[in-house]
Amino acid sequence: MNLKNPQVAQNKHKLKRDRCLVWLGIIAVIGGILDPFGDRVAAFQFISFLAAIALFYCWIIYDGRMRGFTIPKYVKYIIALFGVIGIPIYFWQTRSFRQFCLQLGGLWLFIFHYIFYYVSATAVNLALS
């Protein structure tokens, strides 16, 4: 972190965190567009699944740096292996109870991803029928 101006470092981490969120949305839209094509794009669906996990993980890492929170290794492993469990643990550790509840325990990240995925998949299905 920049010791001369911690605000600059915090803004840098916030920018990287926001970029992860944008890429998460882009991957979700591409996956949704290719979803109706099923088995023909199964390899891409698997790769996009792994990329989404990596982006969830990166978002958490940058959020932790932005908040000055060192994420324990066990939480990092749980996030990478079982994001639906690990992300709420991270949000519980880094936010007040009220913020935790308002942000749905961090599950809004998954909701964000799947809304973009299903909207684009539905649009393509409608266009193809």
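**Notebook: helices H1 and H6**

I started with how two helices pass each other, and H1 passes H6 in a right-handed crossing. I keep in mind that this is a predicted model. Next I looked up the axes of H1 and H6, which come within 7 Å and cross at roughly 35°.

Which residues make the contact? On the H1 side I listed Leu21, Leu24, Gly25, Ala28, Val29, Gly31, Gly32 and Ile33. On the H6 side I listed Trp108, Leu109, Phe112, His113, Phe116, Tyr117, Ser120, Ala121 and Val124. I then sorted the contact of H1 with H6 by class: 12 residues are nonpolar, five are polar and none is charged.

**Entry on Ala121**

I picked Ala121 from the H6 side of that contact. Helix H6 covers residues 108-128, and Ala121 lies in it. Is Ala121 buried or exposed? Its relative accessibility is 4%, so I count Ala121 as buried, the cut-off being under 20%. I set aside neighbours within four places in sequence and found Ala121 in contact with Gly32, Ile33, Asp35 and Pro36.

**Entry on His13**

I went back to H1, which spans residues 6-34 and holds His13. His13 has 13% relative accessibility, so His13 counts as buried. Which residues does His13 contact, leaving aside its neighbours within four places in sequence? I found Tyr62, Arg65 and Met66.

Methods:
Residues are numbered from 1 along each chain as its sequence is written. This is a predicted model: local features need pLDDT of at least 70, side-chain atom pairs count only at pLDDT 80 or more; totals for chains, interfaces and linings use all residues. Side-chain values use heavy atoms; hydrogens and water are left out. Helices (H or I, at least four residues) and strands (E, at least two) are DSSP runs, numbered from the N terminus. Buried means under 20% relative accessible area, exposed over 50%, partly exposed in between (1.4 Å probe, protein chains only). Contact means heavy atoms within 4.5 Å. Axes are lines fitted to C-alpha atoms, for helices over the stretch in contact, and angles run from 0 to 180 degrees between N-to-C directions. A crossing is left-handed if the near helix is turned anticlockwise from the far one by less than a right angle, and right-handed if clockwise. Ala, Val, Leu, Ile, Met, Phe, Trp, Tyr, Cys and Pro count as nonpolar, Asp, Glu, Lys and Arg as charged, and the others, Gly among them, as polar.
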